[in-house]
Amino acid sequence: MALAYSKKPSTTTTGIMPSPPQLLLTQDDLKKIAAYKAVEFVESGMVLGLGTGSTARHAIDRIGELLHQGKLTNIIGIPTSKKTHEQALSLGIPLSDLDTHPVLDLAIDGADEVDPHMNLVKGRGGSLLREKMIEGCVAKLRVVGENGEPYVTDNGNYVVDLYFEKDIGDLVAAGDAMLRLAGVVEHGMFIDMATTLIVAGELGVTVKNKC
């Protein structure tokens, strides 16, 4: 947390109390708040999809902390990237894979962009293929909102950002058209997959569930 205050002594008028320093939240503070809120949905005995990125990292840290405190038990994580795999191992979170656990109870991940219908754009962390494979096997996907050059993924694929000047219309049809292009392995649209969206802002945490 960052406190905003002046380093110089305040000049005050007799009888008037100086204003207390205001608490300013950084972007990383907000990510952490949203991530911790998402972890509140985790229960002992769950098989979890562990996302990738700056917000998911906070969630994984929190899961590891609760495991060490004994507040969570019998958790199994399915990581979506090498980086997440290494982080979870360092925290003592038991890990497995989709071959052993083809159905997951819950996944927690961040999103690059979210539309009003809770469709997502993901992939700037370079893990969209594994994320989609794992999060496609989950009963509930909790998404934590985070208010050029090709990227090479863990699988050796290239991620290329596309920016459209106009609305691309039917997302499913657009996604199918992209997948028909030679060499395209996957796209970054996670359509109708999120069940809960958690966004932290200066006024608090907003939780939106898909009806």
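The chain has a mean pLDDT of 80, where pLDDT is the predictor's confidence in each residue, from 0 to 100. In this chain, 83% of the residues reach 70 or more. This is a predicted model, in which local features need pLDDT of at least 70 and side-chain atom pairs count only at pLDDT 80 or more, while totals for chains, interfaces and linings use all residues. Residues are numbered from 1 along each chain as its sequence is written, and side-chain values use heavy atoms, with hydrogens and water left out.

**Exercise 1. Find the stretch where pLDDT stays under 50.**

Step 1. Look at residues 1-15: pLDDT stays under 50 there.
Step 2. Now count contacts, meaning heavy atoms within 4.5 Å. For residues 1-15 the model has 14 contacts beyond four places in sequence.

**Exercise 2. Work out how β3 pairs with β4 and β5.**

Step 1. Start with the terms. Helices (H or I, at least four residues) and strands (E, at least two) are DSSP runs, numbered from the N terminus. Two strands pair if DSSP finds at least two bridges between them.
Step 2. Take β3 (47-50) and β4 (residues 76-79), which pair in the parallel sense over four bridges. Val-47 stands opposite Ile-76 in β4, and Gly-49 stands opposite Ile-78.
Step 3. Turn to β5 (104-111). β3 and β5 pair in the parallel sense over three bridges, and in β5 the bridge partner of Gly-49 is Ala-107.
Step 4. Check the faces of β3. Val-47 and Gly-49 lie on one side, Leu-48 and Leu-50 on the other, and all are buried. Buried means under 20% relative accessible area, exposed over 50%, and partly exposed in between (1.4 Å probe, protein chains only).

**Exercise 3. Check the span of α1 and of α2.**

Step 1. The expected span of a helix is 1.5 Å times one less than its number of residues.
Step 2. α1 has 13 residues, and 18 Å is expected. From its first C-alpha to its last, α1 reaches 19 Å, which is close.
Step 3. α2 has 16 residues and should span 22 Å; because its end C-alpha atoms are 23 Å apart, the two values agree.
Step 4. Look at burial. The buried residues of α1 include Leu-30, Ala-34, Ala-35 and Ala-38. In α2, Ala-56, Ile-60, Ile-63 and Leu-67 are among the buried residues.
Step 5. Recall a rule: an α-helix has 3.6 residues a turn, so residues three or four places apart point the same way.
Step 6. Just after α2, spot Gly-70, which takes a positive phi of about 80 degrees.

**Exercise 4. Which residues touch the most other members of the largest nonpolar core?**

Step 1. A nonpolar core is a set of buried Ala, Val, Leu, Ile, Met, Phe, Trp, Tyr and Cys residues joined through side-chain atoms within 4.5 Å.
Step 2. The largest core has 24 residues, and Val-42, Leu-48, Ile-63, Ile-75 and Ile-108 touch the most other members.
Step 3. The elements that give two or more residues to this core are α1 (27-39), β3, α2 (54-69), β5 and β12 (196-201).
Step 4. Zoom in on Ile-63. Not counting residues up to four places away in sequence, Ile-63 touches Val-39, Leu-48, Leu-50, Leu-72, Ile-75 and Ile-93.

**Exercise 5. Is Met-118 buried or exposed? And Gly-136?**

Step 1. Locate Met-118 in the loop between β6 and β7. Met-118 counts as buried because its relative accessible area is 2%.
Step 2. List its contacts beyond four places in sequence: among them are Ala-194, Thr-195, Leu-197 and Lys-208.
Step 3. Locate Gly-136 in the loop between α4 (128-135) and β8 (138-145). Gly-136 counts as exposed because its relative accessible area is 54%.
Step 4. Leaving aside neighbours within four places in sequence, Gly-136 is in contact with Glu-131 and Met-193.

**Exercise 6. What is the strand order of the open sheet of three strands?**

Step 1. The order is β6-β7-β11, with antiparallel pairing.
Step 2. The edge strands are β6 (113-114) and β11 (189-190), each pairing on one side only.
Step 3. Two bridges join β7 (residues 120-121) to β11, where the bridge partner of Val-121 is Met-189.
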